[in-house]
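Let's take a friendly walk through this model, stopping at a couple of helix pairs and a couple of side chains. Keep the structure open beside you as you read.

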Amino acid sequence: MQLVATRLPTETRQAEIVAAALRLAQDGSPASITTTDLASAVGLSQGALFKHFASKEAIWLAAMAWVAEHLLQSLNDAAQQATTPVDALRRVFDAHVDFVVTYPGVPRVIFHELQQAADSPLKQQVRGLMQGYRQLLLGLLKSAVQRGDAAADLDAPAAATLFVGIVQGLVMQSMLSGHIATMRAEAPRVFHLYLCGIRSPS
């Protein structure tokens, strides 16, 4: 049966395709998602799909650009709502967990790309996302030290690495269990341990 799709503006259709790609990534490796799968998910033929994106790689590049924009915006918004640097760290942590629970396909895309040997444009996008995230964390950790809320000799770069690593660990555990939402239940206890590690000994 031939697909008959409503004609939509290119930007609207591109956004639908990106959303479909991330949604399909919830249940399998991005490498196994075909253009046929993507076209079917948005009610297009393959020919129509390629009117909006030149290749499958272009779709994943657009998807990662969307993730970088919205995740970093979410994290920055969370930090700006805080009253102290430590409160900002907590809010950023929770915002990242909420983002992953809302878009569980995102970590699959990131983990898949980081496993690839080639330094592809997609991997470069992931690197740019992580650099932006890291700069946000380093600023908050520096402010926490200045306020006396963190140890004066805190190794901020290591603390930033640990912060991201904890979130990634929660993601991996939830993916193994098959219940991504369990991250929300585990997050407060794990973050408490993180704070114990960066604070001055009493």
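A crossing of two helices is called right-handed if the near helix is turned clockwise from the far one by less than a right angle, and left-handed if it is turned anticlockwise. Please keep in mind that this is a predicted model. With that said, look at helix 4 and helix 5, whose crossing is right-handed. Helix 4 covers residues 56-80 and helix 5 covers residues 85-102. Their axes come within 8 Å and cross at roughly 145 degrees. On the helix 4 side, the contact uses W66, V67, H70, L71, S74, L75, A78 and A79. Facing them from helix 5 are A88, R91, V92, A95, H96 and F99. Sorted by class, the residues of this contact comprise 10 nonpolar, 3 polar and 1 charged.

Now move along the chain to the next pair. Two packed helices are described by the angle between their axes and the distance between the axes. For helix 7 (residues 121-147) and helix 8, the angle is about 120 degrees and the axes are 9 Å apart. Angles of 65 to 115 degrees count as roughly perpendicular and those over 145 as roughly antiparallel, so helix 7 and helix 8 are oblique to each other. Helix 7 also passes helix 8 in a right-handed crossing. The class count here is 12 nonpolar, 2 polar and 1 charged.

Stay with helix 8, which spans residues 156-177, and find S174 in it. Is S174 buried or exposed? The cut-off for buried is under 20% relative accessible area, and S174 has 2% relative accessibility, so it counts as buried. A polar atom of the S174 side chain lies 2.8 Å from the backbone oxygen of V171. Setting aside residues up to four places away in sequence, S174 touches H179, I180, T182 and M183.

For a last stop, go back to helix 2 (residues 35-41), where T35 lies. T35 has a relative accessible area of 14%, and is therefore buried as well. Which side chain does the side chain of T35 join in a polar contact of 2.7 Å? The partner is Q46. Q46 is also among the residues that T35 is in contact with once neighbours within four places in sequence are left aside, together with L49, F50 and K56.

How values were computed: Residues numbered from 1 in each chain as written. Predicted model: local features only at pLDDT ≥ 70, side-chain atom pairs only at ≥ 80, totals over all residues. Heavy atoms only, no water. Axes fitted to C-alpha atoms, helices over the stretch in contact; angles between N-to-C directions. Helix = DSSP H or I, 4+ residues; strand = E, 2+ residues; numbered from the N terminus. Contact = heavy atoms within 4.5 Å. Nonpolar A, V, L, I, M, F, W, Y, C, P; charged D, E, K, R; others polar. Buried < 20%, exposed > 50% of the residue type's maximum accessible area, 1.4 Å probe, protein only. Polar contact = N/O pair within 3.5 Å; in protein donor to acceptor, adjacent residues only side chain to side chain. Parallel < 35°, antiparallel > 145°, perpendicular 65-115°, else oblique.
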